[in-house]
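Hi,

Here is the structure I said I'd pass on. Have a look at it first, and then read my notes below.

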Amino acid sequence: MRILAKYLLITLLFLGGGVSWSQDCFPVKDEEVLVYDMSSLLMADQRRSLERKLQGFARETSNQIVVVITDDLCSMESWQYATELGEDWGVGQREQDNGIVIVVKPKTPEARGEVAMAIGRGLEGAIPDVYTKDIQTNEMIPFFQQNDYFTGIDKATDVLMELAKGEYNIQNYLEKHTTGKKIPRGVWIFLLLFFVFLVVSIRKTTQYARRNNLGWWAAWWLLN
């Protein structure tokens, strides 16, 4: 029994150590702060501007967005880091679980950049987690690629706040960002006319080849 108890104690200490290790990876929580720039990536005025915006949003709606910029994810995936931080800190109202965590790991010469969002269950109706990649791709990545991290984060938080407040829904957002990628109507008309021309030409060539006992390509060359 003493051996069993010893192993149980070791296991509990190991698990407890794992939790504290995970918590040690996160910045020190400050109830008055929503922007944690541990990489010193943002300029002071940019950080203040973003902080004011997120604080105003939290007061207006009770929803809360926390931004964490860090060079070290402690061997975790970015989504895991964001999720565990959100759960550990209780971002948003605990009863409503209406918090959002944005984690940004800047690109360095040694490692690729990463970004992730963790959406609380209370906001998943307005911001389904599966679509956060679209927001990252549309709003953040283009600016991150230009080393303009502030604009990318600023634009992404604007979209998240508008979705959370119901100013439009995720389908409206997706439609807005796919419209420009559609093939223009004139191109579709051209492709349709070309297809009709091709079908008619193939039929005429086949008939001509049969009537004149010619090979298909010879008939095509003579007709065209």
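Before the details, one cut-off: a residue counts as buried when its relative accessible area is under 20%. Please also keep in mind that this is a predicted model.

Let's start with leucine 42. By that cut-off, leucine 42 is buried, because its relative accessibility is 7%. You'll find leucine 42 in the loop between β1 (35–37) and α2 (44–61). What does leucine 42 touch, if we skip residues up to four places away in sequence? The list is Val35, Asp37, Arg47, Leu50, Ile69 and Phe150.

The axes of α2 and α5 are 11 Å apart, at an angle of about 5°. An angle under 35 degrees counts as roughly parallel, so that is what α2 and α5 are to each other.

Next, another helix pair: helix α4 (residues 132–144) and helix α6 (residues 170–178). Are they parallel or oblique to each other? They pack at an angle of about 45°, again with axes 11 Å apart, and are therefore oblique. Their crossing is left-handed. Asp134, Ile135, Asn138 and Glu139 of α4 meet Tyr173, Leu174 and His177 of α6. That contact of α4 with α6 is made up of 3 nonpolar, 2 polar and 2 charged residues.

Last, the aromatics. The count comes to 3 aromatic pairs. One of them is phenylalanine 26 with tyrosine 81: the ring centres are 5.0 Å apart and the planes stand at 85°, so the pair is edge-to-face. Phenylalanine 26 is in the loop between α1 (2–24) and β1, while tyrosine 81 belongs to helix α3 (residues 78–89), so the pair ties together parts that are 55 residues apart in sequence. Both partners are buried: phenylalanine 26 has a relative accessibility of 7%, and tyrosine 81 has 0%.

Cheers

Technical notes:
Residues numbered from 1 in each chain as written. Predicted model: local features only at pLDDT ≥ 70, side-chain atom pairs only at ≥ 80, totals over all residues. Heavy atoms only, no water. Axes fitted to C-alpha atoms, helices over the stretch in contact; angles between N-to-C directions. Helix = DSSP H or I, 4+ residues; strand = E, 2+ residues; numbered from the N terminus. Parallel < 35°, antiparallel > 145°, perpendicular 65-115°, else oblique. Left-handed = near helix turned anticlockwise from the far one by under 90°. Contact = heavy atoms within 4.5 Å. Nonpolar A, V, L, I, M, F, W, Y, C, P; charged D, E, K, R; others polar. Buried < 20%, exposed > 50% of the residue type's maximum accessible area, 1.4 Å probe, protein only. Phe/Tyr/Trp six-rings, centres within 6.5 Å; stacked < 30°, edge-to-face > 60°.
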